[in-house]
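Open the model in your viewer and keep the sequence panel beside it. The stops below say what to select and what to look for.

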Amino acid sequence: MEFFTDGVLDPQACGDRRTAAVLTAAAQRAGRRLRPSDVVHAALTGRDAALLSALDVALVDGAAPGHLLEAIDVYNPPGAAYEFDGSPDRIAPELLSALEEFTETGAGVEPEGPAVLDLLLACVLAHPDEQDRAFLGGVLDLPRAAEALRRRVRVRGEAPHEAFDESSGRLRSEGFTADAWTVLEQAAERAAALGYDRLLPPHCLLALLGETEGLAERLLRLQLPPQIGLVKAVELISAAFRLSELPRPEPPRLHRDDCAEALVALLAAARRTAALWDADRVDTPHLLAALLDDPPQRLAVVLSAEPLRLDLDRLRAHLAENLRARRTAAPRESAYKLPAFLPPAEDLTWQAPDEKPARHLDRYFDPLCRALHRSESNHVLITGLPGVGTTTLLRELARRAAADEIPFLRRKRFLRVDCRDIAEEESAAQLAGLIGHVEGRTDLVVCVDGLGPLLRGPRGTTHVLELRRALAERRLHLVGVLSPTDYEDLLAADHELRDLTSRIDMTEPDRDSARDMVRQTADSLAEEFGVQVEDRAVDRAVVLAGEFIAHRKLPQSAARVLRRACEDLHYARDRLDDPRSAVTYDEVIDVVAELSGVPRGQLAGAASGDDTRVDYETALGARVVGQEAAVRVVSDQLRRIKAGLADAGSGPAAVLLFAGLTGVGKTELAKAVAGLYSASKRLQTYSMGNFTEPHSVAGLIGSPVGYHGHDRGGRLINELNADPYCVFLLDEVEKAHPEVLRPFLNLFDEGWISDQRGVKAHADRAIFVLTTNAGHELISHDAPFRSDREIATAVAERLAALRHRQGEAVFTPEFLARIDRVVVFRPLGREAMYGIGRLIVERRRAHWRERLEKDLVVSDELVRYAAGLGHEQDVAARGREGGRIMNALLTDLVDTPVLALREERPGEFREAARIVVTCASAPAREDPFADPVVRRTEIELVPPDDGSDRDASSADVPDLADSTDPAAPDDLTAARADVPEPRDGSDVSHESARWAARTKGGEAPYGDG
């Protein structure tokens, strides 16, 4: 743009009418020299409302544009008419610099547009002379005013269609604050009430006046006549714009088609006003300012005429004062909330300032940001197992967006909706309600945590079609979180939905990466609880949680352990005056023992040193005695599962067949595996002897449609869905009907199963243990002479040859081929019986200590004697007794004599703190036909003051005869029982002078000796 023609200032040469009028007025006012203040004075004299509102940004508190005019008249009074001749020599150098800057920067400004005058005035204010700085600087912040006008020019140059979404046509809600968006929604309601099908500026004014204690209400109350209150004023304005007494059934949408051109211009003006006041989004004062700067003619007449008589200039001045006051105050923000009938939600953007950075998730942000940046199909599905950090990824995304680290998401609001616990019967209503509530909010990114349950309907139905339609119509912007199995089951086959979304799969990190992540979490926990977390505690938390908390993945499982340890230490310090100040690996072991159910002693061994390999043999062998080979095989299988090698197939994590005699530890080992692996720590047992009929398969997969209990579904499917890391025991599987085993054929092959309702369950993380007694004769007789592989092959052959009573094969070759490994349990020897006896004794000691407050000590010699008896009876029974015989023997050797003594001497028994049970050799009977008594049970009651503080955990009984206390013999009460050696399985008896007992085969009688 040019300002000179033939070397003379020509205001008309600029091509803009308003700018030419201002320059002409400035030339007429000027004296011998045309100065920047002349242009400013001419612009202010024109009283352009938009221009005045732009200058309001830089005025000091209490100042008004009129004060600028007064100041200029003082130091630069007007000259004589036409004293300025228009030559460049008579123009101040500062103004020439301003005109040159305008010529350079005004090339992109639309000619004859409102931005021309704004840009010219911005350049003039950026080049003041000395007097301008001295006199105007106290009233107006000149650099701030120039920058505000430039921002106004930039906003005017933006494409107007950006206010609406290009594809859906909806108004972009991310450009408005929550209060401003509420006002626009209320304006639509006002328009419908007045009979309009389009949204107009007067409707926005009515909505602004409807705000409780809003700014528009306060400003109008300053001018309204006393006889007219705010309610009466709203009624008068509404009556002036009412089209019909009957409201429209549906309000106009905040859509391009339902917004009148006047409203679109109003919203554009509000955006410019927000930019002037350094606001990222349009707020309610900006809407009001845009209305007052350029009100529709009819609205201006209604406000200015009787009976309201409002002075719009005074309203603008008061609004400018309010905006200047709000400039120094923090913007009012509030968390976005869903109605109570919808799933619980949290505004992640609202919480973002309090979140700690999670830099360990950087590798996921490039594909995530690429997906969200797409103009179409910008929906994301995040898949991952529990614990890998899917929720943390959502929080970190919201934090980075709020911190402007992802500029294109800066105005987005991330809302996390927890749908993990939605019932199938409620999912349809919840999904429809969620979509309906957020529809039209283009600023919202709805992060559905638990998309799988939200899409599953009753009786195997899904709501994938409804979700796909909503995404295609851009009714919501979705980031969904679901498990890999839910994705494969619900969404993988829907190609149209896959085209609308991008999948990001989160995997469990390796140990080194997990350690770095958990170290960051430990630092945050240390700050939160005021404690220190040692590096070794972090290392052990990663190792132990990764190995023993199988239902949660790293890093969350280790972070959960550390948080529990910090909470326990914080409680101990605050409530118990514990002097400790740091979480060590001891506290970590305690927490892992509590969460996993593994004894602390075993974890302490696993946590010692720097070895990251956990000794599963020790953990399982502590509960299963005498089956070292079986324990080793199962331990190796658990290691493969933890390493992810078991996921290479499509079936369950493991299918194991335990073959062996009864009572050798098959069920106990399965329980030990469940304690280490399952989230519930429970073994789900199915006694297959109860499934001998074809129809009994309903107990697994549910009753058919129309039968009682159909709605409850199948037990197997329900338990798999409740705990994907479940351990199932199919006990005595050879007794089941072939029809009952048929569903397991597909389950062991594909890794999923459906019940009669159509509900699907995945077993890719479950462990199935099958037990059988088939081949027990072979195991009983030939075990010492055959290897485990030979025995396993023979057992498989026996199973393949089994026939049901109808002649049908129980196990098909396909079923047997799906068993990962046959684990052989060998007959129990003497040492195994002894180990089982020690475990039984320890459990009974704990029972006596907790229930009866007595310390029960059983000598090692007695346990070994019982083990010898048990082994002989098991051999005599050809292995049919197993380890269970030890429970009966110890009951007769320990419990029965102790209880008899309690009945005989209740007072002494009540006072005793310790009960010592031993056995010794007894003299032979004189009667040659009597039972040969070779052992004698002795029971000693120890009072509290005589050795009750001794180490009761020792297996050996202290020698009480060596006591130096002379009173010790008087304080001991002894009762003896003779134990005859069983000859065979027949009944034996023994008479006693004090008491007698008669036992059955396999039990030991007692007597006085």
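Two strands are taken to pair if DSSP finds at least two bridges between them. Keep in mind that the model is predicted.

**Stop 1: the parallel sheet**

Select β13 (residues 727-731) together with β16 (residues 767-772): the two strands run parallel and are joined by 4 bridges. Within this pair, look for Val727, which has Ile767 of β16 opposite.

Now widen the selection to the sheet around them. Its 5 strands follow the order β12-β13-β16-β11-β17, in an open sheet with parallel pairing. Which strands stand at the edges? They are β12 (683-687) and β17 (821-825); each has a single partner strand, so one side of each has no neighbour in the sheet. From one strand to the next, the twist averages 20°.

**Stop 2: the mixed sheet**

Move to the open sheet of 6 strands ordered β3-β5-β6-β7-β4-β8, where the pairing is mixed. The edge positions belong to β3 (345-347) and β8 (501-505); each has a single partner strand, so one side of each is left without a neighbour in the sheet. Neighbouring strands here are turned by 20° against each other on average, direction ignored.

Inside the sheet, select β5 (residues 413-418) and β6 (residues 444-449), which run parallel and share 6 bridges. Which residue of β6 is the bridge partner of Phe414? Val445 is that partner.

Helix α19 (residues 390-402) lies across β3, β4, β5, β6 and β7, and runs at about 160° to β5.

**Stop 3: a pair of helices**

Two packed helices are described by the angle between their axes and the distance between the axes. Select α13 (residues 261-276) and α14 (residues 284-293): their axes come within 8 Å and cross at roughly 115°. The crossing is right-handed.

Show side chains at the contact. From α13 come Leu266, Leu267, Ala269, Ala270, Thr273 and Ala274, and they meet His286, Leu287, Ala289, Ala290, Leu291 and Asp293 of α14. By class, this contact has 9 nonpolar, 2 polar and 1 charged residues.

**Stop 4: His871**

Select His871, which lies in helix α40 (residues 860-876). Is His871 buried or exposed? Its relative accessible area is 17%, and buried means under 20%, so His871 is buried.

Leaving aside residues up to four places away in sequence, His871 touches Leu828, Gly829, Arg830 and Met833. Gly883 is 12 residues from His871 in sequence, and their C-alpha atoms are 8.6 Å apart.

**Last stop: the whole chain**

Zoom out to the chain, with its 43 helices and 23 strands. Of its 1009 residues, 53% count as buried. The accessible surface comes to about 45800 Å², and 49% of this belongs to carbon and sulfur atoms. Among contacts between residues at least 6 apart in sequence, 75% join residues at least 24 apart.

How values were computed:
Residues are numbered from 1 along each chain as its sequence is written. This is a predicted model: local features need pLDDT of at least 70, side-chain atom pairs count only at pLDDT 80 or more; totals for chains, interfaces and linings use all residues. Side-chain values use heavy atoms; hydrogens and water are left out. Axes are lines fitted to C-alpha atoms, for helices over the stretch in contact, and angles run from 0 to 180 degrees between N-to-C directions. A crossing is left-handed if the near helix is turned anticlockwise from the far one by less than a right angle, and right-handed if clockwise. Contact means heavy atoms within 4.5 Å. Ala, Val, Leu, Ile, Met, Phe, Trp, Tyr, Cys and Pro count as nonpolar, Asp, Glu, Lys and Arg as charged, and the others, Gly among them, as polar. Buried means under 20% relative accessible area, exposed over 50%, partly exposed in between (1.4 Å probe, protein chains only). Accessible areas come from the Shrake-Rupley method with a 1.4 Å probe; for residues, only the protein chains shown count as cover.
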